[in-house]
Amino acid sequence: MSPSQQLIQRIKSRAKEKNVLIRDMLNECGLNINTISQISDKKGLSCFSLASIADYLGCSVDYLLGRTDNPEVNQ
């Protein structure tokens, strides 16, 4: 699985765990509805957008990026 596919999968999985609709999450984060598809088109995602999504989903950016399997935010 490519890094962008893993990122998309983790965002979708975490949103499902939290009973959050992707469109609602993106709207609340001030992001375009096409944000998820832009990740898969290799346009990428800004670090600020990724941080907003992670904050909204209550997990770490490292978790979304697949750098850890622990979704908890360590402070």
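What share of the 75 residues in the protein is buried? I found 33%, taking buried as under 20% relative accessible area and exposed as over 50% (1.4 Å probe, protein chains only).

A note on what I am reading: this is a predicted model, where local features need pLDDT of at least 70, side-chain atom pairs count only at pLDDT 80 or more, and totals for chains, interfaces and linings use all residues. Residues are numbered from 1 along each chain as its sequence is written, and side-chain values use heavy atoms, leaving out hydrogens and water.

Overall fold. I looked up the secondary structure and got five helices and zero strands, counting DSSP runs of H or I with at least four residues as helices and runs of E with at least two as strands. The C-alpha atoms fill a box of roughly 30 × 25 × 20 Å along the principal axes.

Thr35. I went to helix 3 (residues 35–40), where Thr35 is found. Thr35 counts as buried because its relative accessibility is 5%. Its side chain reaches the backbone oxygen of Asn32 at 2.6 Å. Leaving aside residues up to four places away in sequence, Thr35 touches Leu26 and Leu45.

Asn19. My last stop was the loop between helix 1 (3–17) and helix 2 (22–28), which holds Asn19. Asn19 is not a glycine, yet I read a positive phi of about 55° there. With a relative accessible area of 74%, Asn19 is exposed.

Notes: A polar contact is a pair of N or O atoms within 3.5 Å; within protein, one must be able to donate a hydrogen and the other to accept it, and residues adjacent in sequence count only if both atoms are side-chain atoms. Contact means heavy atoms within 4.5 Å.
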